[in-house]
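Thank you all for making time this morning. I would like to walk you through one structure, so please have a look at it before I go on.

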Amino acid sequence: MNKRAHIEEIDKRMEEQGWMFFGPVLHYKKAWKDHAAIYKRGGKYVVSGLDFSGEKELHEPIEKKEAVRRAEESLEEIKKHILDL
């Protein structure tokens, strides 16, 4: 399975388990290419995706405050890149 398909499968499984996509997280050193996603469920937050090797799944708890900060920073960085600001 290629990495993109694997990431899509992780996302699908997370949603099936009741996790809701919260936002992207860039510059997460434990993630493949330093990119992952934040999910939330029942007041809990996790960083999920592929680990730094690109072979294993990453599923790591993160505090709400940290999740919000990282998602906001990542979205701002994406926005700057897209809008070339």
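Predicted model: local features only at pLDDT ≥ 70, side-chain atom pairs only at ≥ 80, totals over all residues.

Glu-66 forms a salt bridge with Arg-70, and the closest N and O atoms of the pair are 2.9 Å apart; by a salt bridge I mean a side-chain nitrogen of Lys or Arg within 4 Å of a carboxyl oxygen of Asp or Glu. Residues are numbered from 1 along each chain as its sequence is written, and side-chain values use heavy atoms, with hydrogens and water left out.

Back to that pair: because Glu-66 and Arg-70 are 4 residues apart in helix H2, they are separated by about one helical turn. Helices (H or I, at least four residues) and strands (E, at least two) are DSSP runs, numbered from the N terminus. At 27% relative accessibility, Glu-66 counts as partly exposed, where buried means under 20% relative accessible area, exposed means over 50%, and partly exposed is in between, with a 1.4 Å probe and protein chains only.

How many salt bridges does the structure hold? There are 7 salt bridges in the structure, and I will pick out two further pairs. In general, side chains of opposite charge can pair when their charged atoms come close.

Arg-13 forms a salt bridge with Glu-57, with the closest N and O atoms 2.9 Å apart. Arg-13 lies in helix H1 and Glu-57 in strand E4, which covers residues 57-62, so this pair ties together parts that are 44 residues apart in sequence. Both partners are partly exposed, Arg-13 with a relative accessible area of 28% and Glu-57 at 39% relative accessibility.

The other pair is Glu-60 with Lys-30, a salt bridge whose closest N and O atoms are 3.1 Å apart. Glu-60 is in strand E4 and Lys-30 is in the loop between E1 and E2, so that the pair links distant parts of the chain, 30 residues apart. Lys-30 is partly exposed, with a relative accessible area of 45%.

As background, most residues other than glycine have a negative phi. Asp-34 counts as partly exposed, at 30% relative accessibility.

Next, the surface of helix H2. Leu-75, Ile-78, Ile-82 and Leu-83 make a nonpolar surface patch of about 380 Å². Patches are made of residues with over 30% relative accessible area and no salt bridge, with like charges joined within 9 Å and nonpolar side chains (Val, Leu, Ile, Met, Phe, Trp, Tyr) joined within 5 Å; the accessible areas come from the Shrake-Rupley method with a 1.4 Å probe, and for residues only the protein chains shown count as cover. Leu-75 lies in helix H2, residues 64-83, and is partly exposed, with a relative accessible area of 47%.

Finally, the largest pocket, where about 270 Å³ of space lies. A pocket here is an open set of points on a 1 Å grid over the protein atoms alone, where a 1.4 Å probe fits, with protein on both sides within 12 Å along at least five of seven lines, and lining residues have an atom within 4 Å of a point. Of the 16 residues that line the largest pocket, Ile-7, His-35, Ala-36, Ala-37 and Ser-48 are the closest to its centre. Helix H1 (3-16), strand E1 (20-26), strand E2 (35-41) and strand E3 (44-50) are the elements that give two or more residues to this lining. The lining residues divide into 11 nonpolar, 3 polar and 2 charged, where Ala, Val, Leu, Ile, Met, Phe, Trp, Tyr, Cys and Pro count as nonpolar, Asp, Glu, Lys and Arg as charged, and the others, Gly among them, as polar.

Technical notes: Points joined across faces, edges and corners; volume = space filled by probe spheres on them.
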